[in-house]
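This briefing covers selected local features of one model. Please read it alongside the sequence and the coordinates.

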Amino acid sequence: MKKITGFLIAILILSTLGMGCTESTEESTTESADITIGALLPVTGNIGSIGVASQTALEISNKDINNYFSGLGSDKQVEVIIRDTEDNPAKALEQLKALDEMGIKIVIGPQSSNNAEAVLEYAENNGIVLLSTASTAPSLAVADDNLFRLVPDDSNQGMVLATMMKEEKVDTVIPIYRNDTWGNGLSEETAKHFDGTVMEGIIYDSATEDFSAEVEALNEKVISATSDSDEDSVAVLLCSYEEVTEIFSLAGEYPALSNVKWYGSDGVALNEKLLEEKVAGFAVTTNLRAPIYGYEEENDRYQVIESRIEEELGRAPETYGLAAYDALWLATFVDLDAVPENDESTKLAMNTLSDTYFGVTGWTKLDENGDRVHWDYDIWAISENDGNYEWKRDARYQVDPGEEGKLMYVE
């Protein structure tokens, strides 16, 4: 089989942008395609917004890849089999086993760190290579395992959050966060980089539905903190997923919680449910800002693919959705280069091709732990105009080669 280098992948992506699309379906059988890639996405559940955006991106990427092969005069086709994890670790493992039974050994996802942690042992024991585009927990940054991630780990996001707080004169922060791999990791990384006082946080189980007790406890902590300090110097750090809407709905009933700054994370950035009037007003009042891994600004192809995904999705996709577009291209050519049914060969191909792959999200070079090396963060806020709410980029944390990162506000 002819090998295709990482350099050529960038050229191949360019060649697809002007091509039309052909329909594909996840219900097709593996016999109908020469290359079959699996995908574990939270199409429903607490990060369904990211899951649906990723699904749309994969469908568009799948069409582009197949059009590329058709343009070459090849009858080779790629099929992506998408399975819903419901953002549930047990369900994610069940779905990975189902993909394994189909003979699929390269899987895009899982998207949440909680799910990735739950399936990793099975993947390693059964020769399956995972390529996540949204898992960011630092605890999963492990060398030579079967999990690769096209995103940076949260040691970087924690630093960005701490930098924002420092520049905005926050000296006391109160975390409220999910008691899972991701929530614990991000809150710890932020505290590690924060120069001020980090009060004991409010921790909640990921299955929590009624947040009344947690929000009341947070209110008491905020009142305590502001009794000794100026309100402007106190902030809440929220590490949550789509439960943010329930938390904000309750928090709006407490004046003290409306008078301090709130910082979110990639779990809430660009979430369309936060644009609903009842909770969006609270986000605006508290100047909520949320960072998420951002694309390389010089990459015009990002806007091209983003526009196509947005047209299908009906809203702007999270960056993690765009990373899913790149993931399928990368997985396809890894499959072409690797020795079948050999995860060590697949891992070698993944490391080698990602080093020179420039996709719509930029260079995908991975570090020694299989996580993305190059990164910037976009910081998003919700703005209001005549009763309508929308996400707008408020700032950017940019890391240029050979220089320290810098926080730049959008004028």
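Asn287 lies in the loop between α10 (277–285) and β11 (289–294); helices (H or I, at least four residues) and strands (E, at least two) are DSSP runs, numbered from the N terminus. The model is predicted, so local features need pLDDT of at least 70 and side-chain atom pairs count only at pLDDT 80 or more, while totals for chains, interfaces and linings use all residues. Residues are numbered from 1 along each chain as its sequence is written, and side-chain values use heavy atoms, with hydrogens and water left out.

**Backbone features in loops**

- Asn287 is not a glycine, yet its phi is positive, at about 55 degrees.
- With a relative accessible area of 39%, Asn287 is partly exposed; buried means under 20% relative accessible area, exposed over 50%, and partly exposed in between (1.4 Å probe, protein chains only).
- Glu341, in the loop between α12 and α13 (343–355), is a residue other than glycine with a positive phi near 60 degrees.
- Glu341 is exposed, at a relative accessible area of 63%.
- A cis peptide bond runs from Gly109 to Pro110, with omega near -10 degrees.
- Pro110 belongs to the loop between β3 (106–108) and α4 (113–125).

- Helix α2 (residues 48–71) has 24 residues, and 20 of the 24 are buried.
- From first C-alpha to last, α2 reaches 34 Å, close to the 34 Å expected at 1.5 Å a residue; the expected span is 1.5 Å times one less than the number of residues.
- The axes of α2 and helix α12 (residues 319–337) come within 7 Å and cross at roughly 40 degrees. Axes are lines fitted to C-alpha atoms, for helices over the stretch in contact, and angles run from 0 to 180 degrees between N-to-C directions.
- α2 and α12 are therefore oblique to each other: angles under 35 degrees count as roughly parallel, over 145 as roughly antiparallel, 65 to 115 as roughly perpendicular, and the rest as oblique.
- Residues making the contact include Ile50, Ala53, Leu58, Ile65 and Phe69 of α2 and Tyr320, Ala324, Leu328, Trp329 and Leu336 of α12; contact means heavy atoms within 4.5 Å.
- The contact of α2 with α12 has 14 nonpolar, five polar and one charged residues. Ala, Val, Leu, Ile, Met, Phe, Trp, Tyr, Cys and Pro count as nonpolar, Asp, Glu, Lys and Arg as charged, and the others, Gly among them, as polar.

**Contact of α5 with α6**

- Helix α5 (residues 154–167) and helix α6 (residues 181–193) have axes that come within 7 Å and cross at roughly 50 degrees.
- α5 and α6 are therefore oblique to each other, and the crossing is right-handed.
- Among the residues in this contact are Asp154, Met159, Leu161 and Met165 of α5 and Trp182, Leu186, Glu189 and His193 of α6.
- By class, the residues of the contact of α5 with α6 are six nonpolar, five polar and two charged.

**Glu390 in strand β15**

- Glu390 is part of strand β15 (residues 388–398) and counts as partly exposed, at 38% relative accessibility.
- Leaving aside neighbours within four places in sequence, Glu390 is in contact with Leu275, Ala381, Ile382 and Ser383.
- Leu275 and Glu390 are 115 residues apart in sequence, and their C-alpha atoms are 6.3 Å apart in space.

Methods:
Left-handed = near helix turned anticlockwise from the far one by under 90°.
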